[in-house]
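This report describes selected features of one protein chain. Please have the sequence and the structure open while reading.

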Amino acid sequence: MRTDEPTLRVNQCAMAASSVKTRFSQLNSMHIEYVLECLSKNTRRISNAKAYLITALYNAPTTISTYYQAQVNHDASQGYR
């Protein structure tokens, strides 16, 4: 991400550009696949795709584990092994 701005908007909040850049540098292919999977399951209209993607990618490193753990828990409760 390239910007000369001191802050960037993530989830409608002004964040220090340096912290956003640091978080984005932590992204790997698993995070991208996770965001794409979530997007493919989304049924709501996204009015601002750029802002939505920035927020989803920013949050991906902190939400990926919870998302997949919830899937495992759901599958286990359904009797899948």
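## Basis

The model is a predicted one. Residue numbers start from 1 along the chain as its sequence is written.

## Helices α1 and α3

Helix α1 spans residues 17–25 and helix α3 spans residues 49–77. Their axes come within 9 Å and cross at roughly 65°. The crossing of α1 past α3 is left-handed.

On the α1 side, the contact is made by Ser19, Val20, Arg23 and Phe24. Their counterparts in α3 are Ile54, Leu57, Tyr58, Asn59, Pro61 and Thr62. Sorted by class, this contact of α1 with α3 has six nonpolar residues, three polar residues and one charged residue.

## The two sides of α1

Ala17, Val20, Arg23 and Phe24 are the buried residues of α1. They lie on the same side of α1 because they cover an arc of only 125° around the axis.

## The loop between β1 and β2

Asparagine 11 lies in the loop between β1 and β2, and glutamine 12 is placed in that loop as well. The phi of asparagine 11 is near 55°, a positive value in a residue other than glycine. Glutamine 12 is not a glycine either, yet its phi is positive, at about 65°.

Glutamine 12 has a relative accessible area of 72%, so glutamine 12 is exposed.

## Aromatic rings

How many aromatic pairs does the structure hold? There are three aromatic pairs. In one of them, tyrosine 67 and tyrosine 68 have ring centres 5.0 Å apart and ring planes at 80°, so this pair is edge-to-face. The cut-off behind that label is an angle over 60 degrees between the planes.

Ring pairs join Tyr34, Tyr67 and Tyr68 into a cluster.

Isoleucine 54 is part of helix α3. With a relative accessibility of 19%, isoleucine 54 counts as buried, since buried means under 20%. Apart from neighbours within four places in sequence, isoleucine 54 is in contact with Arg9, Val10 and Phe24. Phe24 is also one of the buried residues of α1. The C-alpha atoms of isoleucine 54 and serine 25 are separated by 13 Å, and these two residues are 29 residues apart along the chain.

Alanine 70 is also in helix α3. At 43% relative accessibility, alanine 70 counts as partly exposed. Between the C-alpha atoms of alanine 70 and serine 25 there are 26 Å, with the two residues 45 residues apart along the chain.

How values were computed
This is a predicted model: local features need pLDDT of at least 70, side-chain atom pairs count only at pLDDT 80 or more; totals for chains, interfaces and linings use all residues. Side-chain values use heavy atoms; hydrogens and water are left out. Axes are lines fitted to C-alpha atoms, for helices over the stretch in contact, and angles run from 0 to 180 degrees between N-to-C directions. Helices (H or I, at least four residues) and strands (E, at least two) are DSSP runs, numbered from the N terminus. A crossing is left-handed if the near helix is turned anticlockwise from the far one by less than a right angle, and right-handed if clockwise. Contact means heavy atoms within 4.5 Å. Ala, Val, Leu, Ile, Met, Phe, Trp, Tyr, Cys and Pro count as nonpolar, Asp, Glu, Lys and Arg as charged, and the others, Gly among them, as polar. Buried means under 20% relative accessible area, exposed over 50%, partly exposed in between (1.4 Å probe, protein chains only). The arc is that of the directions from the helix axis to the C-beta atoms. Rings of Phe, Tyr and Trp (its six-membered ring) pair if their centres lie within 6.5 Å; planes under 30 degrees apart count as stacked, over 60 as edge-to-face and the rest as tilted.
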